Amino acid sequence: MAKAKQRDGIARRGLLAAVLIAVSVPAVQALAQEPAAVAAPAGADDARVANGRDLFSSWGCTSCHALADAKSSGDVGPRLDGGNLTEAFIVGRVTNGQGAMPGFGGQLTDREIADIAHYIVKVAKK
Ligand code: HEC
């Protein structure tokens, strides 16, 4: 009886250890993938705006869109200043395109598209 109890205790400790590992492994993976989401370092927002600004020019958004911050005056697509665009809306447009606007979903990463959207919302004149 005492032996059976001991085995039981060991089995239970083993189970507890397995549960602890199962819980902590994904948490560690999440930390490794998204350090910014856990503790945004000072200047992270500036870095996103700067990244968005670079991408906006290097991916040719300037040739179709006017945006004062980017010193662009393209007029194939709507002027991006003066609008009331949300980041979610811009992410959708840039990912999927619309009409004459090409989609960039397969070429830019989700993070890059999010940074472009963040940039536009930050700098667009109201
Ligand atoms: C070939 C020209 C062209 C390029 C390049 C282009 N766009 Fe567009 N864009 C358009 C056109 C045209 C529309 C309007 C689409 C519609 O509503 O039918 C548009 C719409 C948009 C809108 C929605 C604006 C609104 O007021 O509805 C956003 C935001 C946008 N583009 C951002 C971008 C970004 C960011 C890039 C670069 C990654 C980009 N575009 C590249 C032509 C372009």
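Me: What share of the contacts with a separation of 6 or more comes from residues 24 or more positions apart?
Reply: Such residues account for 47% of those contacts in the protein, where a contact means two C-beta atoms, placed from the backbone, within 7 Å. This is a predicted model, in which local features need pLDDT of at least 70, side-chain atom pairs count only at pLDDT 80 or more, and totals for chains, interfaces and linings use all residues. Residues are numbered from 1 along each chain as its sequence is written.

Me: And which pattern does the protein follow along the sequence?
Reply: The order is α-α-α-β-β-α-α, with five helices and two strands. Helices (H or I, at least four residues) and strands (E, at least two) are DSSP runs, numbered from the N terminus.

Me: Which of its residues are buried?
Reply: Ile-113, Ala-114, Asp-115, Ile-116, Ala-117, Tyr-119 and Ile-120 are, buried meaning that 20 or more other C-beta atoms, placed from the backbone, lie within 10 Å of a residue's own.

Me: What do they pack against?
Reply: The buried residues of α5 pack against α3 (44-58) and α4 (87-96).

Me: Changing topic, how many residues surround the ligand?
Reply: The shell holds 23 residues, the closest being Cys-61, Cys-64, Gly-77, Gly-99 and Met-101; a residue is included if its C-beta atom, placed from the backbone, lies within 6 Å. Helix α4 gives the largest share, three residues.

How values were computed: Buried ≥ 20, exposed ≤ 12 C-beta atoms within 10 Å, placed from the backbone.
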